[in-house]
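Please read it alongside the model.

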Number of protein chains: 2
Amino acid sequence: MRAVDIIIRKRDGYALTREEIAHFVTGVTEGSLPDYQASALLMAIVVRGMSSEETAWLTEAMVDSGIRVDLGDIDGVKVDKHSTGGVGDKTSLIVAPVAAACGLLVPMMSGRGLGHTGGTLDKLEAIPGFRVDLSLEQMKAALATVGCAMLGQTAQIAPADKKLYALRDVTGTVESIALISASIMSKKIAEGIDALVLDVKTGSGGFMKTEADSRRLAESLVSIGNASGVKTEAVITAMDSPLGRAVGNALEVIECIEVLKGGGPADLIAVSVELTARMLVLGRIAPDKDDAERRVRAAIQSGAALERLGRIIENQGGDRRVIDEASRFPTAAERHVVKASRTGFITRLDAEGVGRASVALGAGRDRVEDTVDPAVGLLVLRKPGDQVSAGEPLLEIHYRDGARLEAALALARAAIAIDDRPAPALPVLASEVV
Amino acid sequence: MRAVDIIIRKRDGYALTREEIAHFVTGVTEGSLPDYQASALLMAIVVRGMSSEETAWLTEAMVDSGIRVDLGDIDGVKVDKHSTGGVGDKTSLIVAPVAAACGLLVPMMSGRGLGHTGGTLDKLEAIPGFRVDLSLEQMKAALATVGCAMLGQTAQIAPADKKLYALRDVTGTVESIALISASIMSKKIAEGIDALVLDVKTGSGGFMKTEADSRRLAESLVSIGNASGVKTEAVITAMDSPLGRAVGNALEVIECIEVLKGGGPADLIAVSVELTARMLVLGRIAPDKDDAERRVRAAIQSGAALERLGRIIENQGGDRRVIDEASRFPTAAERHVVKASRTGFITRLDAEGVGRASVALGAGRDRVEDTVDPAVGLLVLRKPGDQVSAGEPLLEIHYRDGARLEAALALARAAIAIDDRPAPALPVLASEVV
């Protein structure tokens with residue numbers, strides 16, 4: 001099997017065989033396939049596409065590039081949640097403790113922020129002492145004791161994905177439903193979970209900008225999961241403006257704690273409850289979605305979910321006192337308030353723009369090797385649809401450095417639009433589920 | 001300018017700017033653009049195509065990666081001929097001395113054979129002592145003294161092409177009208193010629209298998225040449241069966257000498273006369289094509305062209321006595337005759353199959369680093385359209401090694417078809433000229 005022949009077949013629009021796909025992934029993993037051949041094939045895949053069968057084979061080959069975690073010796077149903085990434089998208093820190101408090105086991109491997117989107121690991125590390133670099137043995141122990149582990153992807157999980165992603169990032173081959181699907185699902189399938197709920201974001205701040213594309217991605221992800229024996233559902237949720245009010249690592253954890261205390265913004269609660277309830281149904285903790293939602297709300301109201309978050313933090317070396325003492329989080333000393341330039345309705349608070357502003361402050365990273373500042377970020381004081389008067393505070397920026405503030409302000413201001421009439425926004429939850 | 005942004009633009013079907021194309025070619029030439037980015041862009045170009053404007057810019061950038069030879073201090077019109085490659089395609093060794101004998105200057109840089117197609121340099125090197133590795137100074141001196149230089153591409157000519165071609169060969173990105181056009185024309189434009197006649201082969205043994213594709217390639221090549229100030233014409237000629245009767249390096253040179261002595265096969269004469277006559281018209285040696293053809297035939301009949309070939313050979317270190325003493329060529333001791341399996345008409349003598357048989361004998365190369373045997377090859381005794389009786393000799397194979405003969409025989413036999421009725425063949429010269 002010659003790599004160039006595989007490349008030519010895909011270039012000419014033919015479907016690849018299972019063996020050809022496995023040959024490609026093995027070559028990438030072992031380093032025997034030169035990068036220039038891998039990138040030519042990736043480009044051919046981006047332009048010509050892959051059938052659902054090819055995508056499933058690609059996922060399978062990527063799973064097989066590493067180990068498939070065996071969680072069979074731990075009693076209980078293992079269910080994970082995964083989001084395609086957004087701005088202010090902090091549901092993992094709510095969903096995981098609630099689901100665990102309701103009786104699921106949650107082995108959640110997450111990523112770091114890149115570009116305008118945040119990452120769960122960066123948020124967790126805003127908690128003083130919290131360690132995300134658990135080994136697989138530590139992950140299993142965490143599941144057995146506190147019902148949840150929140151960690152980074154270990155080197156044994158789908159190593160082909162890491163190599164492929166690094167190449168895709170620099171060769172213009174990120175934007176492919178097939179490649180994105182295989183990347184996401186290979187890591188989730190390798191976790192050894194029984195079920196998975198996906199949160200596919202749609203809108204300016206999401207990976208997919210239109211609902212049609214988001215639906216295609218959702219369908220692809222769900223099809224791969226179910227074909228691999230992982231019961232999978234996807235919810236399409238809005239990402240045209242930030243989810244909740246906080247954007248920035250420590251600020252977002254604080255907001256999650258608010259939700260677990262019974263407060264917090266309505267959109268964040270709605271998405272978190274929806275995702276967790278679906279996990280409970282897939283995991284057979286609840287017979288139907290109504291019952292599941294009642295259980296989720298009860299776990300929050302009773303304080304059981306908050307207590308569970310405390311145990312998760314403690315179990316991974318973090319300081320659980322942050323739950324009641326927000327001052328223990330890293331804090332940026334400086335504040336700047338962005339005010340409404342005119343009276344009217346907020347018609348736009350562009351998620352990507354706000355995300356880029358938070359990166360400018362230092363809360364996120366443009367390149368994988370950048371470090372993030374856990375303290376800085378933005379608080380959204382007024383959301384799209386709100387009526388505001390000229391001079392009214394819209395955003396509160398937490399910053400350390402004046403030059404960074406200026407860059408962030410330019411981006412934040414450009415992200416806001418105020419008009420005489422309110423404009424339609426995406427529904428927080430799309431009407432259909434995949 | 002980020003390489004990944006250029007890749008993404010072409011991936012999404014946009015035209016690249018002159019600056020973007022120059023950035024790409026410079027990066028490839030200097031080695032500052034990683035191969036994996038170059039190959040991703042090449043694949044995007046193959047699939048999305050390039051406009052004629054982009055192709056012209058690509059050619060220009062490839063010319064500018066090296067030097068543009070200045071032949072201005074040599075009096076006379078410099079005209080070259082280039083073929084897209086075929087089997088038994090030996091016209092250069094006829095065209096060059098005839099054109100020089102008629103008063104043109106012919107600075108002909110050629111290539112080596114690869115795959116089933118032969119290369120002029122390999123044929124020239126079948127002449128004992130003939131050196132093709134002339135410097136640019138030696139080339140100029142040859143033009144000034146014998147009116148013709150036949151040499152390999154020097155390192156100063158379009159170095160980007162050599163790097164790009166090596167990458168295209170292993171990444172499935174050879175088959176692109178734009179990339180092929182830029183590769184051919186950058187080298188020809190850099191030669192410093194005034195005019196160029198292209199022989200675009202069509203059929204199984206050519207680079208382009210259909211006349212429509214050959215026409216598209218011809219139009220692209222002609223458009224680039226004329227836009228760069230090189231008067232360019234293209235003739236589309238048949239390559240469904242070998243041109244002439246000889247396939248193999250020494251055998252082909254012997255056949256060219258026959259033509260220059262007034263003999264030789266009709267198809268080879270027709271193509272050679274056509275190409276040379278067009279060179280004379282473009283080079284203003286002749287007022288029209290009829291007059292040009294008379295001059296070409298006169299140069300052959302008078303012996304002037306043969307005499308010129310002798311001077312070219314002598315000037316490049318070769319033994320000109322081969323012209324009258326064919327035994328001075330390297331010769332393979334063994335002969336094998338392939339006979340007609342039945343009585344009927346030859347309906348097919350597949351050029352690619354015969355070319356592959358000659359490679360199997362050692363006359364060509366599968367890989368750039370292979371060496372060729374100048375002596376081995378095939379003589380086509382009967383051509384498509386001929387009526388034959390069972391047992392009548394069809395091919396004479398000149399070989400050295402029994403195992404190679406067996407491999408060649410299998411290929412040669414598969415290339416022949418005999419039927420009750422003659423089948424239509426491609427016209428030697430297509431009716432239209434580009």
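## Terms and model

Helices (H or I, at least four residues) and strands (E, at least two) are DSSP runs, numbered from the N terminus. A cavity is a set of points on a 1 Å grid over the protein atoms alone where a 1.4 Å probe fits but cannot get out; lining residues have an atom within 4 Å of a point. Points are joined across faces, edges and corners, and a volume is the space filled by probe spheres set on them.

This is a predicted model, in which local features need pLDDT of at least 70, side-chain atom pairs count only at pLDDT 80 or more, and totals for chains, interfaces and linings use all residues. Residues are numbered from 1 along each chain as its sequence is written, chains are lettered from A in the order in which they are written, and side-chain values use heavy atoms, without hydrogens and water.

## Largest cavity

There are six cavities of 30 Å³ or more. The largest holds about 130 Å³. Its lining has 21 residues; closest to the centre are A:T117, A:G118, A:S358, A:A363 and A:G364. α15(A) gives the most to this lining, three residues.

Domain 2 (79–323) and domain 3 (331–419) of chain A both supply lining residues, so the largest cavity lies between them. The domain bounds come from an automatic or database domain assignment.

## Second largest cavity

The second largest cavity has a volume of about 110 Å³. Of its 20 lining residues, B:T117, B:G118, B:E252, B:S358 and B:A363 are closest to the centre. α15(B) supplies the largest share, three residues.

Terms used:
1 Å grid on protein atoms, 1.4 Å probe; cavity = no way out; pocket = protein on both sides within 12 Å on 5 of 7 lines; lining within 4 Å.
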